[in-house]
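Hi everyone, thanks for coming. Please have a look at the sequence and the model on the screen, and then we'll walk through a few spots together.

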Amino acid sequence: MLEYDSLLFIGGKLAATASTSVIEIHSAATEELIGRTPEASPADVDAAVGAARRAFDDPKGWSTWEPRARARVLEQFATELEARADEITRRVSQQNGMPITTAAMLESALPATVFRYYADLVRITDVEETRHGLLGGRAQVRRTPLGVVAAIVPWNYPNLVTAFKMAPALAAGCTVVLKPSPETVLDSYVMAEAAQSAGIPDGVINIVPGGASTGSYLVSHPGVDKVTFTGSTAVGRQIAATCGDLLRPVTLELGGKSAAIILDDADLMSNLEGLFQIALLNNGQTCVANGRILVPRSRYEETLDVLCALVSGASVGDPLDPQTQIGPLVSARHRARVEGYIAKGVEEGARLVTGGGRPRELAKGWFVEPTLFADVGPESTIAQEEIFGPVLAVIPYDDVDDAVRIANNTKYGLAGTIWTSDEKRGEELSRRVRSGTVGINYFMLDPVAPFGGIKASGLGRELGPEGLDACLQTQSVYFATT
Ligand code: NAD
């Protein structure tokens, strides 16, 4: 049992809070209470934003350091995170049910890579240039850090999403107030420890765990200069409205309902194994999960056979066991939501090929069997709404135009994949897919490639140089002389 009695990371240290509200964290696999932390109160958020504000406004502080000096500290931060990889991995797996092999890769190794990437990038990014004016003078054009960034993250990839937000913000010279999700708070205390050991100056990173009220208080706080949010579209809309009212810059990474288009020339054995991995990544609790699988009628039954073997053969169980492919869902409430979608699929006439229930041998934990539906109507609920669980919906298509129409027929536009033995054909087809990212024969979030959605999947981009740009603002200075 991990207890952080009354302690929050504000101003560079774990400090006592007067908040009497407590967050209880349960193991997704055993349902046991595994940790307790305070929930940040409005006074704590005031203190955190105040610390971030002072650190940002300090005339000799972080925002004024040479980029290479910040880069050195960020590299050390990556090293400190790597030194704590086992602890981070274990805490994330226990809290949200992510299989430990996935957590090791995506919640420990990749966040450190993202910090190193931005350390390298900020060293070579020009933030100042001089332009000769057309009217006799000259202009110096500077890109300066935006200020205090409020970063609100979900429970499904708590460390990775934090790195997507924190690494470019810190590299740019911003300071950060992070609000982790109440389901996954315990790993954020390891991040705080790493920040201290890395020598991140006091107030540059502050962490205020809490739910919706803590989050909305932070979003509208007068000391915040920019908001970056990852989570559901519904909450994203509320945050966008608040930021619109305040004219406050905002980046929104929201939900998705991505489609995998299997072309008629796909190598089913190798392609479907890859698709299975990304479609059910983190038990389907993934924004880029390809929950809709579009299959040509000419290869429909053979594709279903291979998919059924993969889904029904997946090992379901303890997320801490390296053999486990599918762990439990994050909470009882979330499992009930996913089960509601399974019932809806049956009710609306989809064919349940495998799964659909709870694994009989697992009495404890919020498990759902990996589930495969076939003959899913493109307009049906399970083809349109984000399920966020281990549920796949196979939809037949007539020809490529039909596949593109079905793939684009959603309010979302986050990701998608194309599976083919002809990469050129895949590339051509990707131009017709309306989403922020597309994968051909697999999908990976690479730090160099901008990531984000269109339509109801969000606004703005993270990662790549675009992610750094989103933390900078432009100032131009006119000089009377040339
Ligand atoms: P959520 O929207 O319920 O919560 C996300 C975060 O916002 C949490 O920290 C939560 O405490 C906080 N929050 C809730 N209400 C708030 C409010 N009114 N004001 C401010 N903050 C508030 O989402 P979730 O259930 O934690 O995460 C799942 C969702 O996140 C899915 O829709 C998924 O697709 C999305 N997601 C998107 C991406 C992406 O990059 N596009 C990545 C991961 C998850």
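Predicted model: local features only at pLDDT ≥ 70, side-chain atom pairs only at ≥ 80, totals over all residues.

Let's begin with Gln94: leaving aside neighbours within four places in sequence, Gln94 is in contact with His26, Ser27, Ala28, Ile34 and Leu320. Contact here means heavy atoms within 4.5 Å. Gln94 is found in helix H3, residues 85-96. Helices are DSSP runs of H or I with at least four residues, numbered from the N terminus.

Residues are numbered from 1 along each chain as its sequence is written, and side-chain values use heavy atoms, leaving out hydrogens and water.

Now to a pair of helices. Two packed helices are described by the angle between their axes and the distance between the axes. Helix H2 (residues 67-83) packs with helix H4 (residues 100-124) at about 170 degrees, and their axes are 8 Å apart. That makes H2 roughly antiparallel to H4, a label for angles over 145 degrees. The axes are lines fitted to C-alpha atoms over the stretch in contact, and the angles run from 0 to 180 degrees between N-to-C directions.

Who meets whom? Residues of H2 including Leu74, Phe77 and Leu81 meet residues of H4, among them Phe115, Ala119 and Val122.

The side chains of Arg123 and Glu75 form one, at 2.9 Å from N to O. Arg123 sits in H4 and Glu75 in H2, 48 residues apart, and the pair links distant parts of the chain. The structure holds 26 salt bridges.

Finally, let's zoom out. The chain is divided into domain 1 (2-254 + 457-478) and domain 2 (259-446), with bounds from an automatic or database domain assignment. Their centres, taken over C-alpha atoms, are 31 Å apart. In domain 1, 30 residues are in contact with 30 residues of domain 2. How many salt bridges are there between domain 1 and domain 2? The count is zero.

Conventions
Helix = DSSP H or I, 4+ residues; strand = E, 2+ residues; numbered from the N terminus. Parallel < 35°, antiparallel > 145°, perpendicular 65-115°, else oblique. Salt bridge = Lys/Arg side-chain N within 4 Å of Asp/Glu carboxyl O.
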